[in-house]
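I opened the model today to look up a few places in the chain. My entries follow in the order I made them.

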Amino acid sequence: MFPMEHISHSYALCESCSICPMSEQQTTHFGFRDVPVGEKQKLVGQVFTSVARSYDLMNDLMSFGTHRLWKRHFVATSGVRRGDRVLDLAGGTGDIAALLKPVVGTDGEVVVGDINAAMLGVGRDRMTDRGLVSGLRWAQLNAECLPFPDASFDAVTMAFGLRNVTDKDKALADICRVLKPGGRLLVLEFSKVQSELFGKLYDFHSFKVLPKLGQLFAGDADSYQYLAESIRKHPDQQTLKGMMERAGFGRVEVRNLTNGVVAIHRAYKL
């Protein structure tokens with residue numbers, strides 16, 4: 001069991017974690033916009049600080065409530081066992097942790113990691129209100145530079161968070177580092193829709209309906225517009241599979257849900 005109740009790390013983790021500073025000339029995508037690499041974390045942080053209190057509503061609007069079924073299936077098929085130590089990345093609101101905790105039992109532990117303090121605060125309050133305290137740890141951290149020793153976890157889960165990471169290759173490599181040999185990485189993420197007709201309907205909902213619903217119910221159309229755009233910029237199923245293999249994972253499996261609206265990637269540290 002980790003001795004700390006809370007691991008405090010800020011967005012500016014590069015120097016302390018030996019992440020090489022990026023040139024200000026280098027750019028990456030923030031939705032459909034190109035922005036300096038060093039600014040993406042700040043911009044993403046602003047989005048999730050804005051939507052933290054309405055995060056469940058956001059997911060309901062984006063998925064017609066289906067995200068709840070996806071998450072249950074994700075945990076049910078994760079292979080996580082009693083006594084496992086699991087790191088749940090981008091897990092700020094605690095949805096996945098709440099499902100994992102009964103699985104790992106009193107002998108196991110779930111560390112919830114998120115780069116956004118507002119999201120962690122919402123999740124920790126929710127879990128405390130539900131009496132879920134023992135065996136849960138909360139860590140503000142950067143997925144590209146995890147503050148844990150090598151081979152610390154039996155499994156790492158990440159639901160709907162990888163697409164917001166600036167350097168996904170770096171994050172995948174560091175996840176591989178903190179997993180025990182034979183440990184598994186499980187990623188649930190929006191992906192590429194497999195049906196052309198369904199894809200057109202999905203695009204209409206994402207770009208025409210979702211921002212308006214975001215404005216109506218959460219007073220924030222821009223954040224919902226970004227989230228729709230970030231899904232389209234995320235690597236598709238086979239591209240992400242290849243990225244995992246290059247990061248050192250083996251036996252990478254891909255399972256599409258809801259015609260590829262989301263996909264589960266399972267990979268093992270060999």
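**Burial and overall make-up.** I began with burial: of the 270 residues of the chain, 55% count as buried. Buried here means under 20% relative accessible area, exposed means over 50%, and partly exposed lies in between, with a 1.4 Å probe and protein chains only. This is a predicted model, in which local features need pLDDT of at least 70 and side-chain atom pairs count only at pLDDT 80 or more, while totals for chains, interfaces and linings use all residues. Residues are numbered from 1 along each chain as its sequence is written, and side-chain values use heavy atoms, with hydrogens and water left out.

I then looked up the elements and found nine helices and 10 strands in the chain. Helices (H or I, at least four residues) and strands (E, at least two) are DSSP runs, numbered from the N terminus. For contacts, meaning heavy atoms within 4.5 Å, I noted that among those between residues at least 6 apart in sequence, 73% join residues at least 24 apart.

Why is strand S6 largely enclosed by the rest of the structure? Five of the five residues of S6 (residues 136-140) are buried, so the strand is largely enclosed. Leu-136, Trp-138 and Gln-140 point one way from S6, Arg-137 and Ala-139 point the other way, and all are buried.

I looked for the partner of S6 and found that strand S5 (residues 109-114) pairs with S6 in the parallel sense over five bridges. Two strands pair if DSSP finds at least two bridges between them. Val-110 stands opposite Leu-136 in S6. Val-111 is also in S5, and is buried with a relative accessible area of 2%. The C-alpha atoms of Val-111 and Ala-139 are separated by 7.0 Å, although the two are 28 residues apart along the chain.

With helix H5 (residues 117-129), S5 and S6 make a right-handed β-α-β unit. Right-handed means that, with the strands pointing away from the viewer, the path from the first strand over the helix to the second runs clockwise.

**The recorded binding site.** I checked UniProt, where an unreviewed entry places the feature "binding site" at Thr-93, Asp-114, Asn-142 and Ala-143. From this set, the lining of the second largest cavity takes in Thr-93. UniProt positions are given in the numbering used here, feature names are shortened, and annotations may be inferred rather than shown by experiment.

Thr-93 is found in the loop between strand S4 (85-89) and helix H4 (95-104). Is Thr-93 buried or exposed? At 4% relative accessibility, Thr-93 counts as buried. Leaving aside neighbours within four places in sequence, Thr-93 is in contact with Tyr-55, Met-119, Gly-123, Arg-126 and Met-127.

Asp-114 has its place in strand S5 and counts as buried at 9% relative accessibility. With neighbours within four places in sequence left aside, the contacts of Asp-114 include Ala-90, Gly-91, Met-119 and Ala-139.

**Cavities and pockets.** On a 1 Å grid over the protein atoms alone, a cavity is a set of points where a 1.4 Å probe fits but cannot get out; a pocket is an open set with protein on both sides within 12 Å along at least five of seven lines; lining residues have an atom within 4 Å of a point. Grid points are joined across faces, edges and corners, and a volume is the space filled by probe spheres set on the points.

By this rule I count three cavities of 30 Å³ or more. The second largest cavity holds about 90 Å³ of space. Its lining includes Tyr-55, Lys-71, Asp-88, Thr-93 and Ala-159. The elements that give two or more residues to this lining are S4 and H4.

The second largest pocket has a volume of about 240 Å³. Of its 13 lining residues, Arg-68, Arg-72, Asp-95, Leu-99 and Arg-130 lie nearest its centre. Helix H3 (67-76), H4 and H5 each supply at least two residues of the pocket lining, and the largest share, four residues, comes from H3.

**Strands S9 and S10.** My last entry is a hairpin. Strand S9 (residues 249-257) and strand S10 (residues 262-269) pair in the antiparallel sense over seven bridges. Val-254 stands opposite His-265 in S10. The hairpin has four residues between the strands, and Thr-258 takes a positive phi near 50°.
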